[in-house]
Amino acid sequence: MTMPKYTEVENASRLSAIIETAIDGIITIDERGTIETMNPAASAIFGYEEGEVLGQNINVLMPEPYHSEHDEYLDRYHNTGHAQIIGIGREVTGKKKDGTIFPFRLAISEVNLEGRKIFTGIVHDLTHQKQSEERLRRYAADLERSNRELQDFAYISSHDLQEPLRKIQAFGSRIQSKEADKLSDQGQEYLSRMLNASRRMSRLINDLLGFSRLSTKALPFEQVDLNKILKEVISDLEIRIERTQAIVEVGDLPVVEADPTQMRQLFQNLIANALKFHKEGERPRVEVSGRFLNGHSPDATPGDHILEVRVKDNGIGFDVKYLDRIFKIFQRLEGRKYEGSGMGLAICKKITNRHGGDITAESANGKGTTFVVTLSRRQTEQ
């Protein structure tokens, strides 16, 4: 490809047009620090009219102590050749015409032109970026404080509710065992319903405590063999598996960086869920498989491999229009037909999010459910 040739006048005209229309500020000074040129962007950044500061010392654009130190810095550079910023570029502060101090990114280059040195500075205003960063920092701090307060509230409230609930259960059980013959049939029914309600309340409180502890009592990440975790989970669920005559098949799963206790919680909740919501008269079947994805989870650390684990069952399934709802706390699509507090899947979601992944599901009424879990293979410290 043949490049077009330009005359010196054309080249100078093109260069001038580029400088005049540049978004970043461009300033040139001589060896003494006198401003020779300043493009419109630089004038606007510092709040001056075009040409207003030409011929003045560059330190007019600097706050203290840089204003007083700049001439000394230039002399030291000329005498020793030691540069603090020339050819490096860094974040500095400037002073506008109205005295406002603001941050900007400055890159300075040196050019020998017609026997003399010219210094060119490229100025990129960081004011809006810093304001956005500060707003984001404050928002993150407020969000962290709010989350911590919610976790503390959930823990303290649930813990404080346990004691009066234990008394209700203790005295209710005592009445049932020692005073039941003094109650009418209706009174005994009321007592039984009260004790059942207190047991459900106890489960809710314990599950809420468990949910709040996912962050406050989280363990450090370590190398975890998911095959070993699944064997332990299946062993823990052995009685339920035998009672339902379920078939649980687990494929080969890898070692990942994770919290072992939370991995056990995750898979125990998912497999127990599959066993609970099985079809009447049909033997439950649960299949667990895993594979690494080529893509990446949006919640993962850049460069990490993402593990996808699928937990598939042949149970009752659900309508996918309820997909978002099932991962929220205390949500139960089947009402009280099945035991539980509706916390299991919310706990699963919180665990997967902490491990750089997520959880979703594929399902249909009467067609079974497949929970799709993604986990980052490596974790950053929380």
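Two strands count as paired here if DSSP finds at least two bridges between them. Keep that in mind as you open this predicted model, and we can start with a pair of strands.

**Stop 1: a bridge between S11 and S12**

Select isoleucine 359 and look across to S12, where its bridge partner is valine 373. Now widen the selection to both strands: S11 and strand S12, residues 369–376, run antiparallel and are joined by 6 bridges.

**Stop 2: the sheet around them**

Show the whole sheet next. It is open, has 5 strands in the order S7-S9-S10-S12-S11, and its pairing is mixed. Which strands stand at the edges? They are S7 (247–250) and S11 (358–363); each has a single partner strand, so one side of each is left without a neighbour in the sheet. On average, neighbouring strands in this sheet are turned by 15 degrees against each other, direction ignored.

**Stop 3: arginine 291**

Stay with the sheet and pick arginine 291, which lies in strand S9. Leaving aside neighbours within four places in sequence, arginine 291 is in contact with Ile306, Leu307 and Glu308. Then draw a C-alpha to C-alpha line from arginine 291 to threonine 374: the two are 83 residues apart in sequence and 9.7 Å apart in space.

**Stop 4: where H6 meets H8**

Return to H8 (residues 260–276) and bring in H6 (residues 226–236). These helices pack at an angle of about 50 degrees, with their axes 9 Å apart. H6 and H8 are therefore oblique to each other, and their crossing is right-handed.

To see the contact itself, show side chains on both helices. From H6, select Leu226, Ile229, Leu230, Glu232, Val233 and Asp236; from H8, select Pro260, Met263, Arg264, Phe267, Gln268 and Ile271, which they meet. The residues of this contact divide into 8 nonpolar, 1 polar and 3 charged.

**Stop 5: the other sheet**

Now move to the open sheet with the order S2-S1-S5-S4-S3, whose 5 strands pair in antiparallel fashion. Strand S2 (35–38) and strand S3 (90–95) stand at its edges, each with a single partner strand, so one side of each is left without a neighbour in the sheet. Here neighbouring strands are turned by 35 degrees against each other on average, direction ignored.

Zoom in on S3 and S4 (residues 101–113): they run antiparallel, with 6 bridges joining them. Select arginine 90, and you will find it opposite leucine 106 in S4.

**Stop 6: two backbone details**

Most residues other than glycine have a negative phi, and most peptide bonds are trans. Two places in this model are worth a look with that in mind.

- Select glutamate 64 and proline 65: the peptide bond between them is cis, with omega near 5 degrees. Proline 65 is found in the loop between helix H2 (40–46) and helix H3 (66–80).
- Select glutamine 245, a residue other than glycine with a positive phi, near 55 degrees. Glutamine 245 sits in the loop between helix H7 (238–244) and S7.

**Last stop: colour by confidence**

Finally, colour the model by pLDDT. The mean for the protein is 83, and 85% of its residues reach 70 or more. Over residues 295–301 the pLDDT is below 50, and beyond near neighbours in sequence this stretch has 13 contacts in the model. Where pLDDT is low, the predicted coordinates should not be read in detail.

Definitions and conventions. Residues are numbered from 1 along each chain as its sequence is written. This is a predicted model: local features need pLDDT of at least 70, side-chain atom pairs count only at pLDDT 80 or more; totals for chains, interfaces and linings use all residues. Side-chain values use heavy atoms; hydrogens and water are left out. Axes are lines fitted to C-alpha atoms, for helices over the stretch in contact, and angles run from 0 to 180 degrees between N-to-C directions. Helices (H or I, at least four residues) and strands (E, at least two) are DSSP runs, numbered from the N terminus. Angles under 35 degrees count as roughly parallel, over 145 as roughly antiparallel, 65 to 115 as roughly perpendicular and the rest as oblique. A crossing is left-handed if the near helix is turned anticlockwise from the far one by less than a right angle, and right-handed if clockwise. Contact means heavy atoms within 4.5 Å. Ala, Val, Leu, Ile, Met, Phe, Trp, Tyr, Cys and Pro count as nonpolar, Asp, Glu, Lys and Arg as charged, and the others, Gly among them, as polar. pLDDT is the predictor's confidence in each residue, from 0 to 100.
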